[in-house]
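Please work through the exercises below with the coordinates open beside you, and compare each step with the solution that follows the task.

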Amino acid sequence: MIVVYPGSFDPITYGHLDIIKRCSKKFDKVIISILKNDAKKTLFNVQERVALIKEATKHLDNIEVDSFSGLLVDYVKQKNISLIVKGLRMVADFEYEMQMAMINKRLNKEVETVFLMSSSEYIFLSSSAVKQAARAGGDISGFVPPIVREAINQKIKGV
Ligand code: PNS
């Protein structure tokens, strides 16, 4: 079975990679797909995020990296896929993710969303927190792969 793991991935973290690694073991193929959202100001553009994800997942052989705009359910339908995978961290994620899953189900009843609980070591991790920590000079090496850390440092500090 092929699944879509959608998100902003600005940038990809060890939390995302944990979900991707676990999915890659359970499914035939995982399509990681980045939402193209012009309304949202991001640190990395879509091409940069695709490149970082490809590099960070190059050791896994059943991964595809893609991007989409518009509705997620339309994108998965167009790809002939009926399963969306999302990661769940804290209770705070639940309300939003439940709403999204229900809206998506109303928009296309063939599409199911499954949730993987975040591994405990990454339960606190988010791309926003990583960017915030990096901007304040914090050590983010435990949160993102070295290539992502370098890319963040280049953007933020110009080094
Ligand atoms: O990493 P994120 O920011 O939590 O990812 C959210 C994402 C991209 C999965 C979600 O915003 C999404 O699916 N957006 C596409 C638009 C859509 O289909 N929205 C649901 C119906 S309103």
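Two exercises follow, each with a worked solution.

The model is a predicted one, in which local features need pLDDT of at least 70 and side-chain atom pairs count only at pLDDT 80 or more, while totals for chains, interfaces and linings use all residues. Residues are numbered from 1 along each chain as its sequence is written, and side-chain values use heavy atoms, with hydrogens and water left out.

**Exercise 1.** Determine which residues come nearest to the ligand.

Solution. Next, examine the polar contacts (pairs of N or O atoms within 3.5 Å): a polar side-chain atom of Ser8 lies 2.6 Å from an oxygen atom of the ligand, and a polar backbone atom of Leu72 is 2.8 Å from a ligand oxygen atom. Finally, the ligand taken alone exposes 560 Å², of which the protein buries 73% (Shrake-Rupley method, 1.4 Å probe).

**Exercise 2.** Classify the accessibility of Asp93 and Arg89, whose side chains meet in a salt bridge.

Solution. The criterion for a salt bridge is a side-chain nitrogen of Lys or Arg within 4 Å of a carboxyl oxygen of Asp or Glu, and the N to O distance for Asp93 and Arg89 is 2.9 Å. Then apply the accessibility classes (buried under 20% relative accessible area, exposed over 50%, partly exposed in between; 1.4 Å probe, protein chains only). Asp93 is buried because its relative accessibility is 14%, whereas Arg89, at 31%, is partly exposed.

Definitions and conventions
Near = heavy atom within 4 Å. Polar contact = N/O pair within 3.5 Å; in protein donor to acceptor, adjacent residues only side chain to side chain.
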